[in-house]
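Let's take a walk through this structure together, moving from a sheet to the elements packed on it and then to the nonpolar cores. Have the 3D view open as you read.

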Amino acid sequence: MPLPRPLRRLALAATAAAATVALLAGCSGGGAGSGAPVNAEPVTGGTLTYLEPQTWTTLYPPAAGFYPNGGIVNNITDRLLYQDPETLELQPWIATALPEVNEDATQYTFTIREGVTYSDGTPLDAANVVANFDLFGKGDSSRKLTQSEAINNYDHGEVVDATTVRFFFTAPSPGFAQAVSTINSGLVSNSTLAKTAETFGPGNATTVIGSGPFVIDAEEVGTKVTLKARDDYDWAPPSREHQGRPYLDGIDLIVAAEDSVRVGTVVAGQADAARQIEAPDEAQFAAPGLALVAAPTNGVNNGLSFRFRNPLLADIRVRQAIIAGIDRQDIVDTLFTKNYPLATGALAKNALGYTDTSSYYAYDPEKAAALLDEAGWVPGADGIRVKDGQRLAIAFNEALPQPRSAEVVTIIQEQLAKLGIAVSLTPGDMATQTANSLDENIVQVYHSMVGRADFDVLKSQYFSKNRNTLLNLHPADGSVGDPQLDTLLAAIASTPTVEGRTAASAAAQQYLAEQAYILPIFEEPQVFGLRADVKGFHTESVGRPSFAEVWLDR
């Protein structure tokens, strides 16, 4: 029987709608105009009302990968380098040029732009830059601040002179230049660097100080964050057309969990923009006065990680059978649009290091049944396969940040039931899902993705000491189930040449496919719905909104 859409969403729909309307009451909306141009040139002023499906959880940059976190951090911080979202080229920003790098990529030297300040008036200088990366590169367990997954092999930073910093690594770290362009390396003030994990969290937003184009002005915990433009901002990436103060006076970021609420308020002109427009709602934004932006995330595709250390999935034939028994094209055709291309490998086609491994993911239910027979799983009285008295019952998480995760799992449930595999969906909110995902006895198949426009994204997702989505590192005893996989992933982050990293990435992707550790489903975009009079909207390299150039054509 297909899984129902979680009842909690239905129960909360009316409450969410009412809360959102109340929050929007004092905000400026877009109106229901035709979208015809009013101004030939950008104009300054106005407040953008922007809707998020989830609330933010931390503003500590290395841990801010969750899209609601990143949407704030991206707009209140600057980075040493800027990554062009279209070409993925690295360009100067707070650093005046690309770094000088030694031959084996164990030393990086940057020259720091002069005159940059944080919103509290303190300088963004060489000493502050070193302090940022000494924390981000190592973390601080005493304050529960994690090391950045984007930075590998970090040893220490050094102030060379007033405008020069040098970073040292214990082994080659070829991804560091790209790492310093990400929100995980968003630069913060010295007072902010002194925070704990708790004080980077909700209730403390206004105390997180960056040097970016916007400042956090107010916070209503769990429901709203208000950003205001920084009038003296004057250090945007030199390659960007707009320099200086943002056009907008401010942004109201409001949490609207229900898809219908986000879509309806933008369509009705009560809000200006919303993130995570689900595929069935995209057509509404083809109407006059509206627009749709589908931004690529340039990283690990939306897909499944099989916890191969669990007894149910320890036999490769079972993993191969599950893969052969899932019709990915049917999932994409049923639930999504052309903005969600069928995955052909672990990485999106435009991701650095992409390799086509699609031959391992062909839909073949006859092969799947034969593999299960061969592995000793026979149909039981209720049609579910059994072996040694155990049912072949597999639990999936619901990936709440990912589009239509529950519906994806529902289709998989229907498809695998035909093979005698029972699929269930673990219930719970974000905190519950996160906790359950660490236990292979609760979640055997983990649904997720990760965006990062660098070779290292593959390591971020699957390495045992990073996101560890396969639970290769056992949370209970600290053992590693497949050391060879870790070796292959580590090579991506520690090989100094582009050619070497390309080869290392290909080898890791091939191994993931051969071992039936993953099933990529589709290339995941970040989809935004906008009023047509919202101009200049764009995203950074993995789809987080950038508001410094946005203006309202009213």
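In this predicted model, seven strands come together in an open sheet with mixed pairing, and their order is 8-9-10-1-11-21-12. The edges belong to strand 8 (214–220) and strand 12 (290–296); each has a single partner strand, so one side of each is left without a neighbour in the sheet. If you look from strand to strand, neighbours in this sheet are turned by 20° against each other on average, with direction ignored.

Let's stay for a moment at the edge formed by strand 12. Strand 12 runs antiparallel to strand 21 (residues 525–531), and seven bridges join the two. To find your bearings here, look for L292, whose bridge partner in strand 21 is G529.

Helix 2 (residues 67–76) lies across strand 1 (47–52), strand 8, strand 9 (224–229), strand 10 (250–255), strand 11 (273–275) and strand 21. Relative to strand 8, helix 2 runs at about 140°.

How much of helix 2 is buried? The count is 10 of its 10 residues, so helix 2 is largely enclosed by the rest of the structure. Among these buried residues are Y67, P68, G70, G71 and I76, as well as the asparagines N69, N74 and N75.

G203 has a relative accessible area of 47%, so it counts as partly exposed. Beyond its neighbours within four places in sequence, G203 is in contact with W56, E219 and V221. G222 is 19 residues away from G203 along the chain, and their C-alpha atoms are separated by 8.8 Å.

Finally, turn to the nonpolar cores. The largest has 75 residues, of which L304, I331, F396 and L458 touch the most other members. Helix 10 (residues 405–417) gives the most to this core, contributing six residues. A second, separate core holds 67 residues, including I76, Y118, A179 and I209; I76 is one of the buried residues of helix 2.

Key. Residues are numbered from 1 along each chain as its sequence is written. This is a predicted model: local features need pLDDT of at least 70, side-chain atom pairs count only at pLDDT 80 or more; totals for chains, interfaces and linings use all residues. Side-chain values use heavy atoms; hydrogens and water are left out. A nonpolar core is a set of buried Ala, Val, Leu, Ile, Met, Phe, Trp, Tyr and Cys residues joined through side-chain atoms within 4.5 Å. Buried means under 20% relative accessible area, exposed over 50%, partly exposed in between (1.4 Å probe, protein chains only). Helices (H or I, at least four residues) and strands (E, at least two) are DSSP runs, numbered from the N terminus. Two strands pair if DSSP finds at least two bridges between them. Axes are lines fitted to C-alpha atoms, for helices over the stretch in contact, and angles run from 0 to 180 degrees between N-to-C directions. Contact means heavy atoms within 4.5 Å.
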